[in-house]
Amino acid sequence: MKTLIAAYSGVLRGEHRPPGCLPGGRARMAVRAVCPVRGAWGWGTGSSILSALQDLFSVSWLNRSKVEKQLQVISVLQWVLSFLVLGVACSVILMYTFCTDCWLIAVLYFTWLVFDWNTPKKGGRRSQWVRNWAVWRYFRDYFPIQLVKTHNLLTTRNYIFGYHPHGIMGLGAFCNFSTEATEVSKKFPGIRPYLATLAGNFRMPVLREYLMSGGICPVNRDTIDYLLSKNGTGNAIIIVVGGAAESLSSRPGKNAVTLRSRKGFVKLALRHGADLVPTYSFGENEVYKQVIFEEGSWGRWVQKKFQKYIGFAPCIFHGRGLFSSDTWGLVPYSKPITTVVGEPITIPKLEHPTQQDIDLYHAMYMEALVKLFDKHKTSFGLPETEVLEVN
């Protein structure tokens, strides 16, 4: 052992032949194991040691990259499962708890639910701690997702962001405005974003708490009226204007929005004097593949019935598998999503806007959205000839 140490020390000092490294000796074999490269100075040199260390660190870095990639996949999958099943699963568990010895827990929670029922309509309970979870940074880096600011927003005004397109799950909308992963609060200082989603989600136990912690609120008139009139200024409500109808046409390679007949958000903006901000998310339609049912087919009929009576349209879609991108699963494909926030359109306050007023500002909004798309499309991989389809 002492001979081996002496030999290794000699190698590090760059001596011609390390002590103990005699032909045929065991020490020579040991040094070969440590310094297998024969250089100009004998069986091992400082440069060969350095090369070996570099190889070692490159392997460690490769393993670290793999671990980070898996963490990114898991972070996205947990959100997808929360989006799809958390509310139903928690409802079933609480109902089951009523039939067990732990029934008191369920009673206490439902009592709390009664007293807290209207909290979502008042903006919920935003938690900066939840919005800054590390899991959201892994979520962001998986695609990756980016938020692009084009103009400053005044803290003395309120805003309604029209988010387009819906995609299957609105992944860009969630990451950019319900978490701090893309630093929305730093890019728009003094602005409080509220992502509006289906009110039915806030009737489901536990899921409602999870959503509110990220600054998500119901997309109904009572909530929007409260935030724009009784919550001061600096509020930005993000509405995915196309909704469920737009999600039915979501597929890779298609840039289309459902907007021509969607004028309710413009009326709300006029009633409160909230500026309209067109927002387009390049890549939102690329992360899932969907089975598209043609108009008049039984599949489209079922989807429209669900949309009419329940508020959402069931889609048949798939992404990649958990362990391989070559298999089908619920994990979205890792395609870049870039959300560009456009220039705000100044809106006057009209308590009783006429249809003519609504049509005027709606036309201005559509024109601004198309201009935003055309200005940035080539920067994110689309050809100059690509046209935004406005339905």
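**Figure 1. Ser-178 in the loop between α7 and α8.** In this predicted model, Ser-178 is located in the loop that joins α7 and α8; helices (H or I, at least four residues) and strands (E, at least two) are DSSP runs, numbered from the N terminus. Ser-178 counts as buried because its relative accessibility is 3%, where buried means under 20% relative accessible area, exposed over 50% and partly exposed in between (1.4 Å probe, protein chains only). Neighbours within four places in sequence aside, Ser-178 is in contact with Arg-131, Ala-173, Leu-195, Gly-214 and Ile-216; contact means heavy atoms within 4.5 Å. Residues are numbered from 1 along each chain as its sequence is written, and side-chain values use heavy atoms, with hydrogens and water left out. Because the model is predicted, local features need pLDDT of at least 70 and side-chain atom pairs count only at pLDDT 80 or more, whereas totals for chains, interfaces and linings use all residues.

Figure 2. Thr-179 lies in the loop between α7 (171-177) and α8 (184-187). With 0% relative accessibility, Thr-179 counts as buried. A polar atom of the Thr-179 side chain lies 2.6 Å from the backbone oxygen of Cys-175, and a polar atom of this side chain lies 3.2 Å from the backbone nitrogen of Ala-181. Residues up to four places away in sequence not counted, Thr-179 touches Arg-131, Trp-136, Phe-174 and Val-184.

**Figure 3. Asn-285 in the loop between β7 and β8.** Asn-285 is found in the loop between β7 (275-282) and β8 (289-290). It counts as buried, since its relative accessibility is 5%. The side chains of Asn-285 and Ser-250 are joined by a polar contact of 3.0 Å; a polar contact is a pair of N or O atoms within 3.5 Å, and within protein one must be able to donate a hydrogen and the other to accept it, while residues adjacent in sequence count only if both atoms are side-chain atoms. The backbone oxygen of Lys-254 lies 2.8 Å from a polar atom of the Asn-285 side chain. Beyond four places in sequence, the residues in contact with Asn-285 include Pro-165, Gly-167, Arg-251 and Pro-252. Asn-285 and Ser-247 are 38 residues apart along the chain, and their C-alpha atoms are separated by 9.0 Å.

**Figure 4. The pairing of helices α10 and α12.** The axes of α10 (residues 221-229) and α12 (residues 264-272) come within 10 Å and cross at roughly 35 degrees; axes are lines fitted to C-alpha atoms, for helices over the stretch in contact, and angles run from 0 to 180 degrees between N-to-C directions. Arg-221, Ile-224, Asp-225, Leu-228 and Ser-229 in α10 meet Leu-268, Arg-271 and His-272 in α12.

**Figure 5. Residues 73-97, a span annotated in UniProt.** An unreviewed UniProt entry lists residues 73-97 as "transmembrane region"; such annotations may be inferred rather than shown by experiment, positions are given in the numbering used here, and feature names are shortened. The span is 100% helix and 0% strand, and its end C-alpha atoms lie 32 Å apart.

**Figure 6. Residues 1-9 and 11-44, where pLDDT stays under 50.** Over residues 1-9, pLDDT stays under 50; pLDDT is the predictor's confidence in each residue, from 0 to 100. Residues 11-44 also have pLDDT under 50 throughout, and the model has 42 contacts for them beyond four places in sequence. Where pLDDT is low, the predicted coordinates should not be read in detail. The mean pLDDT of the protein is 86, and 84% of its residues reach 70 or more.
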